[in-house]
Amino acid sequence: MTTPPDSRKPSEPRPTPGDDAPRSRWSPAAMLARWTSWVPIRSLGRRHRKRILQHLLALGERDRYLRFGYAAHDPQIEKYVAGLDFVRDEVLGIFNRRLQLIAVAHLAYAPAPQIKGRPAMAEFGVSVATSARGRGFGGRLFERAALHARNRGIDTLFIHALSENAPMLSIARKAGAKVERDGSESEAWLRLPPDSVSSHVDEALERHMAEWDFQFKRHMRTVGDIIDGVAEVKSRLTKKARGKSAKQ
C-alpha cells in the first residue's frame with residue numbers, strides 16, 4: 001500500500017444523510033427508495049475461496065490487467081486467492097440466481113497506520129464479471145466497503161489503479177474521492193466520516209438481508225434441481241411407455 005506525501009490531503013468527508021437527518025433517512029419513502037434499488041452484498045469467508053478463484057479465473061486478459069495492474073496469469077491469481085486473509089480483511093461478493101459470484105471486492109486493511117497519529121487506511125479493489133457490467137455493482141461494492149471501513153474506525157479509503165481504468169476511477173470520483181494521476185497509475189483518497197448508530201444499523205441490515213437473499217437463492221436452486229429431476233424421470237418413463245406401445 002502506498003503512503004501519500006504530506007502535501008496530499010484526502011478529500012473531506014461528505015455529509016451523511018443518516019447522521020444529519022435520521023428521521024428522513026428512516027421515513028417510509030426513504031426506506032422504499034433504498035430497498036427498491038437494493039443489491040444483496042454478502043461477506044465472503046474461507047469457504048468461498050473456490051468461488052472467488054472461479055470468478056477471477058473467468059476474467060479476460062484485459063480485465064485481469066485492470067484488476068491487478070499487470071497481466072495476471074492463472075498461477076498468480078491462484079496465489080492471490082490462497083493468500084486472502086479473511087480475518088484481517090473484508091471480502092465482499094454479489095451472487096446471481098445460480099449462486100455464481102459475479103462481482104468481488106477486496107477491502108485490505110493495513111497492519112499498522114501509515115501516517116503517525118492517524119488510523120490505518122484501507123485499500124479497495126474490485127472485479128465484475130463481463131455479463132454483469134453496467135448495473136452499478138462496482139459502485140455498490142465500493143459503498144458497502146466504505147461503510148465497513150467507517151464502522152471500524154478507518155478514516156481514509158484508498159484506491160490504487162491504472163490511469164486507464166476509467167470505471168474504477170469513475171466510481172471513486174462519484175463517491176467524492178480525490179484522484180491524483182502519476183503517469184500510467186492513479187491514486188484515489190476518500191475521507192470517511194466517523195461511525196454512528198445509523199451506520200452500524202445500516203451495515204447490520206445489509207448483512208442480514210444479504211444472508212437471507214443467499215439462503216433463499218440456495219433454496220430455490222434446490223427446488224429447481226428437484227423439479228428438473230422429476231421432469232427428466234417423467235420424460236424417460238413416457239418414452240419407455242411409448243416404446244412398449246409401438247412394439248405392441
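Begin by selecting α4 and α6 in this predicted model, where the two helices pack at an angle of about 150 degrees with their axes 10 Å apart. Because angles over 145 degrees count as roughly antiparallel, α4 is described as roughly antiparallel to α6. As you turn the view, note that α4 passes α6 in a right-handed crossing. To see the contact itself, show the side chains of R49, I52, L53, L56 and L57 on α4, together with D74, I77, E78, Y80, V81 and A82 on α6. Sorted by class, this contact of α4 with α6 has 8 nonpolar and 3 charged residues, and no polar ones.

From α5 the contact is made by R64, R67 and F68, and from α6 by D74, I77 and Y80. By class, the contact of α5 with α6 has 3 nonpolar and 3 charged residues, with no polar residue.

Now colour α5 by accessibility: D63, R64, L66, R67 and F68 are buried in this helix. What covers them? The cover over the buried residues of α5 includes α4 (49-57), α6, β3 (101-109), β4 and β5 (156-162). If you follow the chain past the end of α5, you reach G69, whose phi is positive, near 85 degrees.

Next, centre on R64, which is found in helix α5. Is this arginine, R64, buried or exposed? With a relative accessible area of 10%, R64 is buried, because the cut-off for that term is under 20%. Leaving aside residues up to four places away in sequence, R64 touches L56, L57, L59, G69, Y70, A72, H73, D74 and I77.

For contrast, move to R135, in the loop between β4 (122-128) and α7 (137-150). R135 is exposed, with a relative accessible area of 53%. Select V39 as well, and draw a distance between the two C-alpha atoms: V39 and R135 are 96 residues apart along the chain, and these atoms are separated by 10.0 Å.

The last stops concern the nonpolar interior. In soluble globular proteins, nonpolar side chains tend to be buried together. Here the largest nonpolar core has 34 residues, and those with the most contacts inside it are I94, F124, L141, F142, L157 and I159. The elements that give two or more residues to this core are β2 (90-95), β3, β4, α7, β5, α8 (166-174) and β7 (185-191). Of these contributors, α7 gives the most, with 6 residues.

Centre on F124 to look at this core from one of its members. Not counting residues up to four places away in sequence, F124 touches A105, H106, G138, L141, F142, A145, F158, I159 and M168. Apart from this core lies another, of 14 residues, among them L56, I77, V81 and F95.

How values were computed. Residues are numbered from 1 along each chain as its sequence is written. This is a predicted model: local features need pLDDT of at least 70, side-chain atom pairs count only at pLDDT 80 or more; totals for chains, interfaces and linings use all residues. Side-chain values use heavy atoms; hydrogens and water are left out. Contact means heavy atoms within 4.5 Å. Helices (H or I, at least four residues) and strands (E, at least two) are DSSP runs, numbered from the N terminus. Ala, Val, Leu, Ile, Met, Phe, Trp, Tyr, Cys and Pro count as nonpolar, Asp, Glu, Lys and Arg as charged, and the others, Gly among them, as polar. Buried means under 20% relative accessible area, exposed over 50%, partly exposed in between (1.4 Å probe, protein chains only). Axes are lines fitted to C-alpha atoms, for helices over the stretch in contact, and angles run from 0 to 180 degrees between N-to-C directions. Angles under 35 degrees count as roughly parallel, over 145 as roughly antiparallel, 65 to 115 as roughly perpendicular and the rest as oblique. A crossing is left-handed if the near helix is turned anticlockwise from the far one by less than a right angle, and right-handed if clockwise. A nonpolar core is a set of buried Ala, Val, Leu, Ile, Met, Phe, Trp, Tyr and Cys residues joined through side-chain atoms within 4.5 Å.
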